[in-house]
Amino acid sequence: MTLSATAPTLVGSLGTTAFNAIGYNASDNFMYAINQAGEVYRIGANSARTLLSVSDPNSLLGPGYTAGDISATGVYYIYSNTVQRFVSIDLASGNPVASLVNYTVAAGQTLTGTIDDFVFHPSDGNIYGVTSTRQLFTFNVATNVLTIKG
C-alpha cells in the first residue's frame, strides 16, 4: 500500500496466509513477518514473499507471535503472547538464528494483559509498546528490562 495525502493505493496482496509481528527493516527496505506455522518471511515490493531459513535450535518459533519490529542494526524482535516471550533474529547475519531474549520487568512493576504492538524508536534504540490493558511500556534491548510507563 502506498500512502499519500489523498488515498492509499494497494500495490499487492499477501494472499490467504495470515502474517503477524510485521516489521520494516530500513537496512534492506524489506518488511519481515511470521506466520502461524512459525515461518519467517521477507516481504518486498508488490508483496513478493521469500521464506527465510531461520535456525531454531530451541524450538522458539511457532504460533502466537503478535508483535514485532526491526532494530536499526537489523535484529528482528518478536513477541509471543502464547508463551510470553521475546525472541530475536539477527537478519544481518548470513545465518539467522532464533534466540530467546531473557527479559525482566522493572522492580516493583507488573505487566498486565498481552503485548499487542510495539515499535523501535530510531533515536534511542528502545522498543515502545502497548498492552491489551492499555499499559505503555519501554523495553531496553541493551539491558533486557521492560519498564511500565503508564
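**Chat about backbone, loops and a pocket**

Colleague: Is alanine 21 buried or exposed?

Modeller: Alanine 21 counts as buried, because its relative accessibility is 1%, where buried means under 20% relative accessible area, exposed means over 50% and partly exposed is anything in between, computed with a 1.4 Å probe and the protein chains only. Before we go on, please keep in mind that this is a predicted model, in which local features need pLDDT of at least 70 and side-chain atom pairs count only at pLDDT 80 or more, while totals for chains, interfaces and linings use all residues. Residues are numbered from 1 along each chain as its sequence is written, and side-chain values use heavy atoms, with hydrogens and water left out.

Colleague: Where does alanine 21 sit, then? And what is its phi?

Modeller: Alanine 21 belongs to strand S1, strands being DSSP runs of E with at least two residues, numbered from the N terminus. Its phi is positive, about 55 degrees, although the residue is not a glycine.

Colleague: Staying in S1, how exposed is tyrosine 24?

Modeller: Tyrosine 24, which also lies in strand S1, has a relative accessibility of 42% and therefore counts as partly exposed.

Colleague: What about the phi of asparagine 46?

Modeller: Asparagine 46 has a phi near 55 degrees, which is again a positive value in a residue other than glycine. Asparagine 46 is placed in the loop between strand S3 (40-43) and strand S4 (49-51), and with a relative accessible area of 58% it is exposed.

Colleague: And arginine 42, where is that one?

Modeller: Arginine 42 is part of strand S3 and is partly exposed, because its relative accessibility is 26%. Its C-alpha atom lies 21 Å from that of leucine 100, which is 58 residues away along the chain.

Colleague: Which residues are closest to its centre?

Modeller: Of the 16 residues that line the second largest pocket, Ile70, Ser71, Ala72, Phe120 and Pro122 are the closest to its centre. Strand S1 (19-25) and strand S5 (65-70) each contribute at least two residues to that lining.

Colleague: How many of the lining residues are charged?

Modeller: Two are charged, while seven are nonpolar and seven polar; Ala, Val, Leu, Ile, Met, Phe, Trp, Tyr, Cys and Pro count as nonpolar, Asp, Glu, Lys and Arg as charged, and the others, Gly among them, as polar.

Colleague: Now the loops: where is glycine 108, and is it buried or exposed?

Modeller: Glycine 108 lies in the loop between strand S9 (104-105) and strand S10 (115-120), and its relative accessible area of 87% makes it exposed. The C-alpha atoms of glycine 108 and threonine 138 are 15 Å apart, with a separation of 30 residues along the chain.

Colleague: And valine 83, in which loop is it found?

Modeller: Valine 83 is in the loop between strand S6 (75-80) and strand S7 (85-90), where it counts as partly exposed at 40% relative accessibility. From valine 83 to alanine 48 the distance is 30 Å, C-alpha to C-alpha, over 35 residues of sequence.

Colleague: Last one: is isoleucine 148 buried or exposed?

Modeller: Isoleucine 148, in strand S13 (residues 145-148), is buried, with a relative accessible area of 14%. Asparagine 35 is 113 residues from isoleucine 148 in sequence and 28 Å from it in space, C-alpha to C-alpha.

Methods: 1 Å grid on protein atoms, 1.4 Å probe; cavity = no way out; pocket = protein on both sides within 12 Å on 5 of 7 lines; lining within 4 Å. Helix = DSSP H or I, 4+ residues; strand = E, 2+ residues; numbered from the N terminus.
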